[in-house]
Each structure stands twice: as C-alpha cells, then as structure tokens.
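Visitor: I would like to learn how to read some features of a protein model, one at a time. Could you take each general idea and then turn to the case at hand?

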Amino acid sequence: MRLALASLCFCVLAPLPVTAADQFVGGPFVVNVTGRSATVAWVVQRANGTLYAQKSVLTDLEPGKTYPYTIKEAGGATGSFKTAPARPMPFEFVVYGDTRTRHDMHRRVVEAVLKYSAPDFVLHTGDLVADGANVAQWPVFFGLEKDLLRKVAFFPALGNHERNDPQFYEFFQVGKPYYSFDWGNAHFIVLNSDIGNAASNAAAKAAFWEEQTRWLEADLQKSQRAAFRFLTAHHPPFTAVARRQGDNPEMTALVPMFEKYRLNAGFFGHDHNYQHYLKSGVHYVITGGGGAPLYDVNTPPAVITKKVVSTEHFTKISVNADSATLTALGLDGSTIEKFEIPAAAAK
C-alpha cells in the first residue's frame, strides 16, 4: 500500500487488514528512509506462530522534515521519523550492536541512548538477536527497542547470528544485504560481512563477496563529493581480541580500498566491547557493547590503536559541515572516548 503525504505533518496509516487471529508483536519502526520516502513497518504474528511485516510505503515526503504517525491496526501505536535532509545541515546518529543476549543490558543500552542522545537515525552493527530463524526472539528484540525505534529511522547490518534468515529481509524491507544511503553531507554504506551464511557452498560464497566488493568500490567512487563517507559492517578488519585476530581476512583485505577512496570511519560489531583504531586517516570503531557477553581486549594491534575498553556502551556521532564528533558513552553517560573526524575534501 502506498500513501502520498506531500504536505502532511501528521498521518494515520491504514494498512492492509489483518485477520482476527493475527497479533501485533513488534514495532512500529521506520526503514528505507530517504529525503522523499520511507517505510513504516510493524511485526504481526499469525495464529500458526509465524511472523510477517505489515508496512506502509510513504512517498512524496519533504526532505529534512519530521513526520508523526499513528497505526490503527497496531492498537493506535504512535511514532515519528525525520526524512533525510537534501542539503548539508547538522545531524546526529547513533551506532551500537550485538544486542542478541543479556536482555537486561540491551534494555539499559536503549535507555542510555534515549537519555544521552537525540539521534535522527540508528545504525545497528548486527547480531540483533541470537538466532535470526527463531520466531520467539524477534518480538523480544522489538519490545526492548520500541521506545527508541518509534523516534528514529533504523538502518541495520546483518550479523552472523541473523544467519541470513529471510525474517531479517522481511522485517527491515531489505532487498540485497548491502545498501547505501545519503543523509545531508554524508554518505553511508552498509555491508554484509557474514560470508559464512551468505551462501551454501564455497564457490557461491566467493561469488557473493566478489559481487559485493565490486558494488562497494563503485559506490565509493560515486560518493567522492560527499563530505563524509561512513561504513557499517558486522565483522571488523582489526581487533584486540586475541583469539579472533585474523578471523576476517576478507574485511582486512578491504582496508586499501577504504584508504584509496577516503573513507572517514567504519563502524563494526562482532566483538563485544569498544575499540578504536586509526590507520592512514581512516577511523575504525568497534561498537559491539549492546548487551551480548563482553570480550577481553587483551592484545591491541600495535601502532594503530587509540582506545580499547571492554564495557557496554553506544556511540553517537554529531555531524557538522567541516567535522564530525564521535563520543563513545557508557550506560551511565560517562565518556569513554571523544574524538573529531574531519570532513574529506571533495574531489
């Protein structure tokens, strides 16, 4: 169902009808946000226990504008989202990941985000749930996230715990597991680094990675005039977790491309802690402190390491015309690290 809302600041979404046996179990949340369109979705459970997404695709929106909404079919649930601005203007986004277990900690991370930041959107670095194929886990995730997701646009990356399950694609309206979008003067890339679940055999996995890598380089080439280029993926190219060093050679092999096309920063998960590296002008931030059991940061890579801490946290990034400020925050609002990311000169 498509709704045109060109001049409205408040909308009531009227989705396709559900049966009496269907039950609203998650959301609402907003995905695929651009300056002119967005998809508002919520999760419904059928009588047989399976889950599916109800959605309304909104078009003819105005860039940089906030749109409140109400969903009648979801008990009158309300929310709002901001469309992407068409011109450079200050904005804030939040990044965290690995929310798959320890639901009490996941809840505290969400509460901290709401208390200590005011993001326009959220990037999730993957491992939203422990098993993406388990229908019981997604309503828990959406229940813990609901107060935040009703206020922001949501851009998730696939983690290995999603297991490339079709439910991820269904809920978040993802066509391919890698995509990009623009927000003001910044360009964002979301990769699928979960090669292990990308295909059923080695040849198909290699073909997937080759295809995605070609797409990534073309996307970086096209975005060279953006002031900022940010990337999100689940698996990091570097890590201070000794037992995981060398585990992600495909991601490490992308580092020369990141440097060539002047990536400003990459955000990753998989390791349940906070790590920050700086190599050849590119910042690499592991922000996997969203709730899963913490990992030690016992062997930081030489030369490039700026900060490593094993703690629950989230990161917020405030973007202006000439620089972005990244602040890593603990659950009590304390600053773990704060640093500037300069804008890249346009080519």
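Visitor: What should I know about the model and its numbering before we start?

Guide: This is a predicted model, in which local features need pLDDT of at least 70 and side-chain atom pairs count only at pLDDT 80 or more, whereas totals for chains, interfaces and linings use all residues. Residues are numbered from 1 along each chain as its sequence is written, and side-chain values use heavy atoms, with hydrogens and water left out.

Visitor: Is Gln 275 buried or exposed, and in which strand does Gln 275 lie?

Guide: Buried means under 20% relative accessible area, exposed over 50%, and partly exposed in between, computed with a 1.4 Å probe on protein chains only. Gln 275 has 0% relative accessibility and therefore counts as buried; it belongs to strand β15, residues 274-279. Helices (H or I, at least four residues) and strands (E, at least two) are DSSP runs numbered from the N terminus.

Visitor: Which polar contact does the side chain of Gln 275 make with another side chain?

Guide: A polar contact is a pair of N or O atoms within 3.5 Å; within protein, one must be able to donate a hydrogen and the other to accept it, and residues adjacent in sequence count only if both atoms are side-chain atoms. The side chain of Gln 275 makes such a contact with the side chain of Tyr 277, at 2.4 Å, and a polar atom of the Gln 275 side chain also lies 2.7 Å from the backbone nitrogen of Ala 240. Contact in the wider sense means heavy atoms within 4.5 Å, and, not counting residues up to four places away in sequence, Gln 275 touches residues including Phe 238, Tyr 284 and Lys 307.

Visitor: How many aromatic pairs does the structure hold?

Guide: Rings of Phe, Tyr and Trp (its six-membered ring) pair if their centres lie within 6.5 Å; planes under 30 degrees apart count as stacked, over 60 as edge-to-face and the rest as tilted. The structure holds 38 aromatic pairs. For Phe 29 and Phe 142, the ring centres are 4.8 Å apart and the planes are at 10°, so this pair is stacked. The pair links distant parts of the chain, with Phe 29 in strand β3 (residues 23-31) and Phe 142 in helix α2 (residues 137-149), 113 residues apart. Phe 29 counts as buried at 0% relative accessibility, and Phe 142 counts as buried at 1%. The rings of Phe 93 and Phe 188, by contrast, have centres 5.0 Å apart and planes at 90°, so that pair is edge-to-face. Phe 93 lies in strand β8 (residues 91-96) and Phe 188 in strand β12 (residues 186-190), 95 residues apart.

Visitor: Which residues have the most contacts inside the largest nonpolar core?

Guide: In soluble globular proteins, nonpolar side chains tend to be buried together. A nonpolar core is a set of buried Ala, Val, Leu, Ile, Met, Phe, Trp, Tyr and Cys residues joined through side-chain atoms within 4.5 Å. The largest has 45 residues, and those with the most contacts inside it are Phe 93, Phe 121, Phe 188 and Phe 230. The largest share of this core, four residues, comes from strand β4 (residues 38-45). Apart from it lies another core, of 33 residues, among them Ala 112 and Phe 154.

Visitor: Where is the place of Leu 331?

Guide: Leu 331 is in the loop between β19 (323-329) and β20 (335-342), and with a relative accessible area of 16% it is buried. Two strands pair if DSSP finds at least two bridges between them; here seven bridges join β19 to β20, which run antiparallel. The two strands form a hairpin with five residues between them, and Gly 333 in the turn has a positive phi of about 85°.

Visitor: Which residues does a cis peptide bond join, and what is the phi of Asp 60?

Guide: Most residues other than glycine have a negative phi, and most peptide bonds are trans. A cis peptide bond joins Gly 27 and Pro 28, with omega about 5°. Asp 60, although not a glycine, has a positive phi of about 60°, and Asp 60 is partly exposed, with a relative accessible area of 47%.
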